[in-house]
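Please look over the sequence and the model shown here before reading on. The report is meant to be read beside them.

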Amino acid sequence: MERIKLLTIALTVSNIFRILLIAFITLLTFVFIHWHINPEAYSTVKLSGFEHSNTTSLYTTSFTITSTTATNVGNAEDKVMFLQDISQLSLYLFYLQSVAILIIWIFILQQISKLIRSVRELQTFRNSNSTTLRRIGRYCFLIFILTAFRWAETETGSFIGIYINYLPVLFMLGAFILAEIFEEGNKLYEAEQLTI
Amino acid sequence: MAIVVNLDVMLARRKMSLSELAEKVGLTLSNLSILKTGKAKAIRFSTLESICEALDCQPGDILEYQPN
């Protein structure tokens, strides 16, 4: 009973997160469209993630290159990027990259919901679950790829960032290992079913 | 598999149908069919005992080892 309650809570949380992500994508798209209509409204919006940093932390290693051709901006590393400054192409790329990551998160949550539902129905060690876990692993790899680079171009310079995020890779490995475990479980289940 | 199930031979010798045996042994017809067709991965001693009792035979009459 306690187990089913916990699984139901996990399922509800994953559904809520999915709805929130869809709402966030809608909002982001709305802002993106509005920016085309009225770009002045976003003149003071600062873009995060375009700061100069060559760091290594527990979760990420990043390398960034900032170049500038302007003479009055001083140190390129201190330059803050505003939404109105960056070129249309880099903004499109930034939008597509962000939306793609959010959509992949929705897919991951969808697969997790599927997994939780099968565990709740006592259908844990089935072939479909190992396929689901492999799919989650592939989605994690896509997130790793999509968060690995960031590029922005302004009239006065450009920004290139390369990021190695360890968390998606670790999740990917975890998902693939779990997929193998589930496959072994499925084999045992099938053998049990064929024991007369 | 090297283990061959000769359940159909024993059933013919005893002039008994599969459904009759299923009723006597207390197994489902589908499970007995799996056993008869050699699709089963394993057999419990309790099942073997019931089959032997119902067919009045020895385990060796039902199971046979044939090297590949």
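## Basis of the model

This is a predicted model, in which local features need pLDDT of at least 70 and side-chain atom pairs count only at pLDDT 80 or more, while totals for chains, interfaces and linings use all residues. Residues are numbered from 1 along each chain as its sequence is written, chains are lettered from A and ligands numbered from 1 in the order in which they are written, and side-chain values use heavy atoms, with hydrogens and water left out.

## Aromatic contacts

Over all chains, the structure holds 5 aromatic pairs, a pair being rings of Phe, Tyr or Trp (its six-membered ring) whose centres lie within 6.5 Å, called stacked if the planes are under 30 degrees apart, edge-to-face if over 60 and tilted for the rest. The pair A:Phe32 and A:Tyr95 is stacked, because the ring centres are 4.1 Å apart and the planes stand at 5°. Since A:Phe32 lies in helix H1 (residues 2-37) of chain A and A:Tyr95 in helix H2 (residues 88-120) of chain A, the pair ties together parts that are 63 residues apart in sequence; helices here are DSSP runs of H or I with at least four residues, strands are runs of E with at least two, and both are numbered from the N terminus.

A:Phe32 is buried, with a relative accessible area of 12%, and A:Tyr95 is buried as well, at 14%, where buried means under 20% relative accessible area, exposed over 50% and partly exposed in between (1.4 Å probe, protein chains only). Together with A:Tyr92, A:Phe32 and A:Tyr95 form one aromatic cluster.

## The largest pocket

The largest pocket has a volume of about 320 Å³, this being the space filled by probe spheres set on grid points that are joined across faces, edges and corners. A pocket is an open set of points on a 1 Å grid over the protein atoms alone, where a 1.4 Å probe fits, with protein on both sides within 12 Å along at least five of seven lines, and its lining residues have an atom within 4 Å of a point.

The lining comprises 16 residues, of which A:Leu28, A:Val31, A:Leu47, A:Leu83 and A:Phe94 lie nearest the centre of the pocket. H1 and H2 of chain A are the elements that give two or more residues to this lining.

## Two buried residues of chain A

A:Arg18 has its place in helix H1 of chain A and is buried, with a relative accessible area of 18%. Not counting residues up to four places away in sequence, A:Arg18 touches A:Ile106, A:Leu109, A:Gln110 and A:Ser113, a contact meaning heavy atoms within 4.5 Å. A:Arg18 and A:Ser113 are 95 residues apart in sequence, and 10.0 Å apart in space from C-alpha to C-alpha.

A:Ser118, in helix H2 of chain A, is buried at a relative accessible area of 11%. With residues up to four places away in sequence again not counted, A:Ser118 touches A:Gln123, A:Thr124 and A:Asn129.

## Chain B

Chain B contains 5 helices and 2 strands, which follow the pattern β-α-α-α-α-α-β along the sequence. Of its 68 residues, 32% count as buried.

B:Phe45 is found in helix H4 (residues 45-55) of chain B and is exposed, with a relative accessible area of 74%. B:Phe45 and B:Pro59 are 14 residues apart in sequence and 9.7 Å apart in space, C-alpha to C-alpha.
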